[in-house]
Structure formats: C-alpha cells, structure tokens
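This briefing is intended to be read alongside the sequence and the coordinates. Please keep both in view while working through the topics below.

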Amino acid sequence: MIARPSEWTGRWVRRSGAATAVVASLLLLSVVLQLLNGRDTPTTPQTEQLYLRSAATLDRMALSFDSVVADVYWIRALQHFGRTRRSERTEKSYDLLYPLLDIATTLDPRFNVAYRFGAIFLTEPFPDGPGRPDQAVALLHKATFHMPERWEYLMDTGFVYYWSLHDYVEAARWFRRAGAIPGSPSWLQSLAATTLAIGGNRLDSRALWQQIHETATDEWLQNESLRRLMQLDALDDIDGLLMECERFSSISGSWPDDWSTLVEAAHLPATPLDPLGHAYLLHPSTRTVGVSPESPLLPLPTEPPRVATP
Amino acid sequence: MSAVKAIAVHVFRESVRDRVFYNLVLFAFFMISASYSVGLLSAGQEVKIIKDLGLGATSAFGLFIAVFLGIGLVSKEVERRSLYTILSKPVHRHEVVLGKYVGLVLTLAVNLAVMVVAVYGVLGYISVTESEEFKRGWEAPAVDPAMLTAFFLIFVQLMLVTVIALFFSTFSSSIVAAGLTFGLYIVGHFNAELRALQDVVDAPIAGFVATALSYVLPDLAAFDVSADVVHAQPVTVGYVLLTVAYAFVYIGALLVAAMAVFSRRDFT
C-alpha cells in the first residue's frame, strides 16, 4: 500500500534529525538572502531619533518600570555621547544628550551618575561635547531639588560656573552653599574664599578635579577625572619646558630645534614625556610646546583667565 | 477547608504540568545575559541596573503569570467544560474559587522565590568578582537584604492582580478578562493623576468622579518601592504594613465578589 503524500510528510517531519537540519538550513538561507539583499542597499548614515521627548509622559507610561526605563535612557545617553564624540563627521550634534539625561533623571530622580555625567560632559566644549554649561547647571539644579542633602551637586554647580562660565563670584557662592551642608568637607569653605580671591588658579582646578576623583562613585567618572588631572599635569610640564627653552635661548641666543639639543646641553635628562608616556612636541617656529596628536590627553583644556594675582 | 486545599494543590500541579515553570529558565537566561551586556554598556552602573532589571523582570514575569493563569482559573474551565466535573463533586462553589486562588498564589510564590534566588545569585557573583575599591562607590551592597522588601511587595501586588483576573474570569470570557485585568493594572498606576484632575479641569463633577475613582480603583503604584531600595532609601515597616493591609482588604473584597458572582452563575 502506497502512503499518501500527507502521511509521508508527517512521518518525515516526525524524524527530529531531519526536521532540525531543514530548519537550520532554511534559517541559514534566510541570513544569506538578507546579506545579499543588503549588499546593494546604499548605507545612509543613521540619524538618532528621540520620539518621546516628554520626561513626564514617559514617567507615566513606564508604570512600575520607571527605573528600568531610566537605565535604558542612561545607556542611550552614554552611547549618544560616545558615538558623537568619536564620529569623524564634521556636522556633529549632541542635541539629544540633555533630553536623554533629563528623561533618565526624571524616571529615576536619584540617578547620581547621570547628574554628574551631565555636569561634566554637557560643559565639554564643541566638538568634544555640546558646550552647554547652562544645561549642566539645569541638570544639577534638578539633582539638588531631589537630593538637597548631597553637597556634591552644589560643588559640581560651582565647578561649572568656575570652569566653563568663568563666573568666579557665582562659583564661590555655590562652593559656600556646598560647604554649609552638614557632613560636607571643610575645604569647600576655603575653596569658596580662594575662588573669590584668585579665580582661574590652576591649583584650584586641580583641587576640584581631585575632589571629583575622590568622590566619584563609579569607575568611569574616576577615570575621566584622572584624565583631567593628567591634563593639568601636562600643562604644568609644558610651562616648565617652555621655561627651559627660554633659559636655553637666553644662554645660546637661539630657540632649541629639538629636545635632543636641550638634553645635550643638560637642560633636560631625557626627551620629556606626558603623563601617558607620549613625547611632548617642540615647535621652534612658533616657540611653543604641545602634546602629541596620539596622546589621549588631547585636547588640553583652555584655562580660565585669572581674576587677580595673589 | 480540605476541599480548598485539594483544589489549590490541583491548580499548582496543573501549572507544573502546563510547563508554567519553564518561564524560570527564560528568566535565568535573561538575568545572566543582561548582567553580561550591562557590564559592557552601563559605565560602572552594573549593580544598580541589574537590581532594576531583576526587580522589573520579576514584576513583569509575575504579571503575565498572574494574568494568564488567573483568567484561566474559571473562564477557561468553563470554555473547556472541565468545570462541570469539579462542580459535580461535593464542593461548594466558593471553595472552588478560594482553592483556585490559593493554588495560583502558591504557584506565584514558588516562581518568585526562584526568581529572587536567581537575582541574588547574579548580584552575589558581581559582589565576589568586583574589587573593594569599586564596591565603595555602591549606594547599597550588591547582595542587599533590603531588596527582599521590594520583592515581597511585588508578590503582594501580584496577589492583588491575580484576584482581579480571577474576579473578571468569573463572569467573562478569557480574552475579555485578560483585557480588563491589564486595563486595570495600567489604570492602577494613575491614581495620583486621577486625583490631580480636579485641579486641571473646570468641571467640578468630573473632578469629583475622578477623585472618587482613584480611591475605588486599586492603587498599584503603592507597591513599587524598587527605586527606594536600589538607592538605599529606607522603606519603613509602617509603610509596608499599611500597604499589605490595603492589599489584603482589597483582595478580600474581590474574593468575596468573585465567590458571589460564581455562586450565582448559571452553567446550564
């Protein structure tokens, strides 16, 4: 008796080995077809979209899952910042960074790292960041509203006024407010005083980054503040190297052509290296010293102008 | 009471037979893969995000179990006509409702217990592998006993969702009951908005109705203390006790309503 086609198919499908092989082959074929299809499709640069910009609406839509959604927006903010910063495109846009951070912190109002991330990177000058200290201050005000007991946000606000807006009076006011919070370190009051007296001092900048480094609650912020401290070290090094060049110039009557000239003249023990081990660059034509283009310390910060001489 | 116990055990065994516990494998896979990928993406926020994910996933998985098993407790049995076999036995109808509810709560309890162990397992692994310096930045320890409060309130919330599903399934089809339960679950998170409506609208009657509704509808947002626990904020014993008391009162009311509807329903 000959089996009908449907019976034959049923028996064949029941053989699990054969069925698995067919399923695997068809899935593989679908991948190949997808790849072939994508080959001729012109790849257009993806534009990031934020369909829902209202943090309050998202807060309601998230139901009991606010914190999970906040985490998703935090990861999106990180990716947006990192991708844009590393992008080779000339028309970079960090437009989504503040809305993403705002949504993450509305959904999770105690999201500490999101506030501190914003405080530092919203102020980063273009093209390495959006260059929006006003947004950083707004984000930090939000943090202070939700956590008035945390002096770190007040200190960060003062820091934004100090470093990005160069408004030392306002910076001192925020440092003083931070210092008035119970449990805050005593140096905040003296920092407020010196900021008012000699704003723009590199020592103060170092003290601020040092504190951010020591109070950072995550590895990433610790690394970033460490990088900033190394940039300040590099600025100190460059100042020292320029002085050596000037000294050499006053003795020999000409600016050194390269580091070996200074080494041979016993002005330097060896070719000077930045804190990450890259050799500093000597530019005799412009009489300047710079950091190697390969160094992760680039770009060095533009130092705020000093308001007074001590 | 023995009838209630027998039905409850039957519901639990049936859920085992229906492979409900397979979701635990999915949950474990989700937690382990999430903990790996989060470590790469979150810039030092692994513990916070894994706690958020663990609590969120427990709530979501539990919600689907509560709704889809809850609606099947009565309506599916009616649709499959298997209910007639139970009703032919010497049991009261209210015992059937109570037994089925207890059985499903037992299923949920076992599910949640395993999920809690899985979440603590992943967090324990991170706690062991991370350096002491890195741990100093954590707001709360990875293996934080305070998280049990959040898990407990999620369980109580799911007990409430289960009784809502059970109540709807006593007088409607399973699809309608699922829709109504999910609808009420969503509305149950908007009580504060309903109360605030009277400040926004000019119609005082609409405002009054919205406020009244906000008190009648279940307040499911009250059970969510995940953010507090993750950020090491205290959740007082008084708050937990009041929330649990509120849930038990609401569960009691809906159970009695479900028993009344089911007892009067004509299955001929």
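The points that follow cover chain B, its helix packing, its interface with chain A, and selected features of chain A.

The model is predicted. Chain B contains 12 helices and zero strands, and 21 of its residues are in contact with 18 residues of chain A. For chain A, the domain assignment gives two parts, domain 1 (49-147) and domain 2 (235-290).

**Overall build of chain B**

- Read along the sequence, chain B follows the pattern α-α-α-α-α-α-α-α-α-α-α-α.
- The C-alpha trace of chain B spans about 70 × 55 × 30 Å along its principal axes.
- Of the 268 residues in chain B, 39% count as buried.
- Among contacts in chain B with a separation of 6 or more, 81% are made by residues 24 or more positions apart.

**The side of chain B that touches chain A**

- The contact between the chains involves 21 residues of chain B and 18 residues of chain A.
- On the chain B side, α3 (46-80) and α11 (226-230) each supply at least two residues.
- The most is given by α3(B), with five residues.
- By class, the chain B residues on this side comprise nine nonpolar, nine polar and three charged.

**Packing of α3(B) against α8(B)**

- The axes of α3(B) and helix α8 (residues 174-187) of chain B come within 9 Å and cross at roughly 150 degrees.
- Angles over 145 degrees count as roughly antiparallel, and α3(B) and α8(B) are therefore roughly antiparallel to each other.
- The crossing in which α3(B) passes α8(B) is right-handed.
- From α3(B), the residues that meet α8(B) are B:Leu63, B:Val67, B:Phe68, B:Gly70, B:Ile71, B:Gly72, B:Ser75, B:Lys76 and B:Glu79. Their partners in α8(B) are B:Ser174, B:Ala177, B:Ala178, B:Thr181, B:Phe182 and B:Tyr185.
- The contact of α3(B) with α8(B) has eight nonpolar, five polar and two charged residues.

**Packing of α9(B) against α10(B)**

- Helix α9 (residues 191-200) of chain B and helix α10 (residues 204-216) of chain B have axes that come within 7 Å and cross at roughly 155 degrees.
- These two helices, α9(B) and α10(B), are therefore roughly antiparallel to each other.
- The crossing of α9(B) and α10(B) is left-handed.
- In this contact, α9(B) contributes B:Asn191, B:Leu194, B:Arg195, B:Leu197 and B:Gln198. Helix α10(B) contributes B:Gly207, B:Phe208, B:Ala210, B:Thr211, B:Leu213 and B:Ser214.
- The residues of the contact of α9(B) with α10(B) are divided into five nonpolar, five polar and one charged.

**Packing of α1(B) against α5(B)**

- Helix α1 (residues 2-17) and helix α5 (residues 93-129) of chain B pack at an angle of about 45 degrees, with their axes 7 Å apart.
- Helices α1(B) and α5(B) are therefore oblique to each other.
- The crossing of α1(B) and α5(B) is right-handed.
- Among the contact residues of α1(B) are B:Val4, B:Ile7, B:Val11 and B:Phe12. Those of α5(B) include B:Val96, B:Leu98, B:Val102, B:Leu104 and B:Leu106.
- By class, the contact of α1(B) with α5(B) has 13 nonpolar, five polar and two charged residues.

**Chain A: domains and an enclosed helix**

- The centres of domain 1 and domain 2 of chain A, taken over C-alpha atoms, are separated by 42 Å.
- Helix α6 (residues 112-121) of chain A has 10 of its 10 residues buried, so it is largely enclosed by the rest of the structure.
- The buried residues of α6(A) include A:Asn112 and A:Arg116 as well as A:Val113, A:Tyr115, A:Phe117, A:Ile120 and A:Phe121.

**Chain A: the setting of A:Asp59**

- A:Asp59 lies in helix α3 (residues 55-61) of chain A.
- With 17 C-beta neighbours inside 10 Å, A:Asp59 counts as partly exposed.
- Leaving aside residues up to four places away in sequence, A:Asp59 touches A:Asp66, A:Thr106 and A:Leu107.
- A:Asp59 and A:Pro130 are 71 residues apart in sequence and, C-alpha to C-alpha, 26 Å apart in space.

Conventions: Residues numbered from 1 in each chain as written. Chains lettered and ligands numbered in written order. Predicted model: local features only at pLDDT ≥ 70, side-chain atom pairs only at ≥ 80, totals over all residues. Contact = placed C-beta atoms within 7 Å. Helix = DSSP H or I, 4+ residues; strand = E, 2+ residues; numbered from the N terminus. Nonpolar A, V, L, I, M, F, W, Y, C, P; charged D, E, K, R; others polar. Domains from an automatic or database assignment. Buried ≥ 20, exposed ≤ 12 C-beta atoms within 10 Å, placed from the backbone. Axes fitted to C-alpha atoms, helices over the stretch in contact; angles between N-to-C directions. Parallel < 35°, antiparallel > 145°, perpendicular 65-115°, else oblique. Left-handed = near helix turned anticlockwise from the far one by under 90°.
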